[in-house]
2 protein chains.
Amino acid sequence: MVFLENGTVTSPLGFKAAGICAGVKPSNTTKKDIALIVSEKPCSCAAVFTRNLVKSSAITVTQRNIADGTAQAVIVNSGNANTCNADGEQKAERMCELAAEVLGIDKKDVIVASTGVIGQPLPIEPFEKGAAALGKLLSENGGTDAAEAIMTTDTVKKEAAVRFTLGGKEVTMGAVAKGSGMIHINMGTMLSFITTDAAVSAPMLKLALNEAVEQSYNMVSVDGDTSTNDTLTVMANGLAGNEEITEQNEEFRIFADAMTELCKSMAKKLAADGEGATKLLVCRVLGAKTVLDAKGVAKAVICSSLVKSAMFGSDANWGRVLCAVGYSGCDVDVKLIDVAFKSKAGVVEVCKNGAGIDFSEEIAKKVLSENEIEITVNLNDGECGAEAYGCDLTYDYVKINGDYRT
Amino acid sequence: MVFLENGTVTSPLGFKAAGICAGVKPSNTTKKDIALIVSEKPCSCAAVFTRNLVKSSAITVTQRNIADGTAQAVIVNSGNANTCNADGEQKAERMCELAAEVLGIDKKDVIVASTGVIGQPLPIEPFEKGAAALGKLLSENGGTDAAEAIMTTDTVKKEAAVRFTLGGKEVTMGAVAKGSGMIHINMGTMLSFITTDAAVSAPMLKLALNEAVEQSYNMVSVDGDTSTNDTLTVMANGLAGNEEITEQNEEFRIFADAMTELCKSMAKKLAADGEGATKLLVCRVLGAKTVLDAKGVAKAVICSSLVKSAMFGSDANWGRVLCAVGYSGCDVDVKLIDVAFKSKAGVVEVCKNGAGIDFSEEIAKKVLSENEIEITVNLNDGECGAEAYGCDLTYDYVKINGDYRT
């Protein structure tokens with residue numbers, strides 16, 4: 001499996017996309033904010049969504065549309081979440097209708113997603129006016145425009161694609177995603193759309209997706225807030241010509257592993273570009289009794305505001321790491337725990353057997369001044385491991401979120 | 001029941017306290033950092049502690065010392081948490097010994113507590129040198145010095161006392177506490193010491209304490225991090241002369257209610273002075289099916305980084321409140337929820353039946369610019385309510401925690 005250079009959601013065969021500025025937020029006159037992603041033929045489809053009880057109407061409509069395991073297109077906007085609006089469902093339905101009309105497909109085969117401010121009525125005019133233009137712009141090079149159109153506070157586009165072989169056929173899988181606040185562990189995730197030209201049945205797609213999400217999007221936290229709009233979909237159009245995967249055979253394993261790697265790379269992009277972030281944090285846990293304990297510890301460390309603040313300050317305050325391990329609720333023996341900080345500048349061991357050890361503050365500062373830090377926690381109590389992804393907590397997080405609606 | 005002006009931990013009969021600067025942190029040469037609180041006679045005693053598996057050695061020693069329900073003094077320091085140190089227990093024991101020697105009491109009747117940096121060996125010299133001076137300074141007006149000595153990043157001292165009548169006798173109860181970071185719901189709490197001249201058996205003290213904590217310290221969150229050192233103790237010396245409370249009678253109710261009110265007032269002080277905070281946030285939940293649901297919703301709202309950031313910016317971004325309600329895990333019907341913001345500048349209703357309503361942004365800004373904000377969430381689905389206490393998330397929180405150890 002290889003990552004493609006400039007890989008995106010239109011890298012797989014038979015997918016086109018487009019993104020334009022339609023002015024969903026009246027104040028926005030330049031940034032692309034609506035996008036279409038479409039397959040030339042109907043796809044098998046699977047998805048995961050937020051577990052928040054407060055949900056975007058877009059999710060309600062999408063869940064209905066993909067209940068049959070089929071989809072052909074995605075229409076998505078940034079600038080407004082279409083959540084907590086009395087007329088939200090009607091608007092989401094209308095978005096599907098407009099996409100279906102311009103694409104000449106069934107409106108029941110459209111996935112709809114929104115991201116942005118919660119609780120402000122979604123203006124439908126930008127879609128009425130923009131749909132035809134979007135249709136005309138659809139292109140095999142349009143993935144990047146779609147990636148741009150779904151950005152909110154993101155500072156960089158998130159897209160990637162992988163290529164691998166399934167039963168002798170070359171298969172491609174692409175993804176776009178947006179962050180970058182209101183991101184927390186154990187969700188569907190933010191918005192992300194995966195496309196592939198592999199032939200995979202809807203039930204097998206769902207299995208692969210669940211597995212991939214568990215190790216990627218569900219292990220990312222930016223700020224501990226679970227979004228109301230989290231939507232992750234995968235569409236597989238089968239144009240690669242492989243024999244359709246309909247059971248958990250060897251091909252399924254290759255496919256699912258590729259999806260996991262793709263999603264992990266996207267998860268890291270999300271974490272690194274968390275609101276206000278200056279550093280990607282990876283918490284790597286080793287030596288746990290169970291995978292659940294490993295994950296629990298990794299998540300607790302990555303979510304700690306105090307650990308995040310210390311990392312922002314390049315301060316090797318490992319006591320806060322141990323503190324988070326202690327309240328994780330996981331089965332750990334404090335007296336066995338080792339902690340180290342690691343980056344491309346080096347490694348510094350700071351805690352052995354649950355107690356501090358002498359270390360050079362100078363080296364620690366150097367290690368922690370890099371923009372990608374690994375916090376290694378060895379529980380020395382078993383064989384299981386896990387990784388979680390997050391970012392530092394900075395002045396800019398507060399700034400971005402102190403006045404988000406204007 | 002009345003709150004005393006300038007009430008503190010030495011307001012009840014028979015308690016003395018003192019605080020001095022002993023230089024626990026070598027860089028500290030001015031701020032008081034060790035304190036003694038002592039009763040002229042042995043007290044019945046109860047306590048709650050952090051649920052973090054990583055615990056200060058001070059807690060281990062205190063738990064041993066008060067297992068018999070008796071205590072007579074507290075020795076406490078700021079500047080070092082005495083947590084995750086190989087020799088921590090030995091140092092905590094030595095602190096008790098030094099206090100016992102200077103007070104002429106049994107070292108098994110000493111409560112010991114520490115707060116500050118985790119994972120740095122505690123220097124014992126400041127205690128060896130300071131104990132005698134502390135003993136000499138003990139005074140009935142020393143409560144405030146003790147309140148000062150336990151401060152870390154706190155910007156104001158936290159102390160209060162209440163007076164009420166038990167069986168015809170005037171009774172006083174005082175408290176000191178410190179915040180102000182690494183504070184999260186459902187703990188013992190930060191450090192807080194309660195004193196009273198009421199006569200109450202140790203088991204009844206524990207019952208009253210559990211009840212008070214549940215509605216006060218356990219409903220405060222500053223940053224979602226559960227401290228390793230949370231310690232809350234209560235000592236009752238009986239000098240008020242009331243008949244000892246040994247069962248859950250009418251006197252017990254009066255006593256427990258007074259303790260709850262005292263602890264609530266302290267909880268608000270803690271929240272208002274959370275690290276970097278500019279505003280006290282109170283989330284008041286009404287109309288819940290159960291008290292547990294009411295508490296769960298109140299806590300989720302108060303803990304949300306996004307709600308906290310919006311409040312810092314005086315931005316009426318109520319969608320984030322609804323978002324937090326939605327992921328609280330509580331039994332709510334989103335379509336019934338009303339949300340309003342309230343302060344001494346007025347009230348602004350922002351959401352009815354789970355959807356936005358028109359409101360004046362100008363009035364909202366005015367309401368949210370005050371330094372004490374109530375976020376009212378009416379679930380309209382039952383008769384139960386709860387309050388949680390928190391603060392806004394500010395640049396200064398990040399600043400304080402970006403480089404805490406130096």
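A: In α3(B), the buried residues (20 or more other C-beta atoms, placed from the backbone, within 10 Å of their own) are Pro126(B), Phe127(B), Gly130(B), Ala131(B) and Leu134(B). The model is predicted, with local features needing pLDDT of at least 70 and side-chain atom pairs pLDDT 80 or more, while totals for chains, interfaces and linings use all residues. Residues are numbered from 1 along each chain as its sequence is written, and chains are lettered from A and ligands numbered from 1 in the order in which they are written.

α3(B) comprises 13 residues, 125-137; helices are DSSP runs of H or I with at least four residues, strands runs of E with at least two, numbered from the N terminus. From first to last C-alpha, α3(B) reaches 19 Å, close to the expected 18 Å (1.5 Å times one less than its number of residues). At Ala131(B), one of the buried residues, α3(B) bends by about 40° (the angle between axes fitted to the seven residues ending there and the seven starting there). The partners of its buried residues are β2 (15-20), β3 (34-49) and α2 (88-103) of chain B.

In chain A, the axes of α8 (305-312) and α9 (318-327) come within 9 Å and cross at roughly 160°, which means that α8(A) is roughly antiparallel to α9(A) (an angle over 145 degrees, on a scale from 0 to 180 between N-to-C directions of lines fitted to C-alpha atoms over the stretch in contact). Leu306(A), Val307(A) and Ala310(A) of α8(A) meet Arg320(A), Val321(A) and Ala324(A) of α9(A) (C-beta atoms, placed from the backbone, within 7 Å).

Definitions and conventions: Buried ≥ 20, exposed ≤ 12 C-beta atoms within 10 Å, placed from the backbone. Contact = placed C-beta atoms within 7 Å. Parallel < 35°, antiparallel > 145°, perpendicular 65-115°, else oblique.
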